[in-house]
Amino acid sequence: MNEAQGWAQKKLAAAQGEAAAFDKVYKQYKLAPDVTKRRMYYETMERVLSQTDKVIVEAPGTVPYLPLPALRQTPPDDSRQKGDR
């Protein structure tokens with residue numbers, strides 16, 4: 001029974017912490033919705049993309065995905081002669 005009460009208190013504290021964090025973000029959102037949305041998007045993308053080794057480039061006329069880690073691992077092409085460079 002003590003274990004169940006401890007678990008419930010832990011869950012309640014976590015929920016209260018999340019609610020307080022939401023309230024802080026909501027206050028900022030009410031003041032500047034566009035800025036807050038953009039900031040939340042950038043923070044989310046930073047968190048998600050930091051866990052990958054891919055590089056995404058979004059610009060006109062570029063390849064949208066460059067496998068840079070794979071390119072770094074590829075040995076240089078030594079089959080060309082020095083005069084060809």
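**Close-up views of side-chain contacts**

**View 1. Tyrosine 26 and tyrosine 29 in helix H1.** These two tyrosines lie three residues apart in helix H1 (residues 2-31), which means that about one helical turn separates them. Helices here are DSSP runs (H or I, at least four residues), numbered from the N terminus. The model is predicted: local features need pLDDT of at least 70, side-chain atom pairs count only at pLDDT 80 or more, and totals for chains, interfaces and linings use all residues. Residues are numbered from 1 along each chain as its sequence is written, and side-chain values use heavy atoms, without hydrogens and water.

**View 2. Aromatic rings.** The structure holds three aromatic pairs. In one of them, tyrosine 26 and tyrosine 29 are stacked, at 6.4 Å centre to centre with 20° between the planes. Rings of Phe, Tyr and Trp (its six-membered ring) pair if their centres lie within 6.5 Å; planes under 30 degrees apart count as stacked, over 60 as edge-to-face and the rest as tilted. Ring pairs link Phe22, Tyr26 and Tyr29 into a cluster. Tyrosine 26 is partly exposed at 42% relative accessibility. Tyrosine 29 is partly exposed at 31%. Buried means under 20% relative accessible area, exposed over 50%, partly exposed in between (1.4 Å probe, protein chains only).

View 3. The structure holds one salt bridge (a side-chain nitrogen of Lys or Arg within 4 Å of a carboxyl oxygen of Asp or Glu). Arginine 39 pairs with glutamate 43, and their closest N and O atoms are 3.1 Å apart. Both belong to helix H2 (residues 33-49); they are four residues apart, so about one helical turn separates them. Arginine 39 is partly exposed at 34% relative accessibility. Glutamate 43 is partly exposed too, at 40%.
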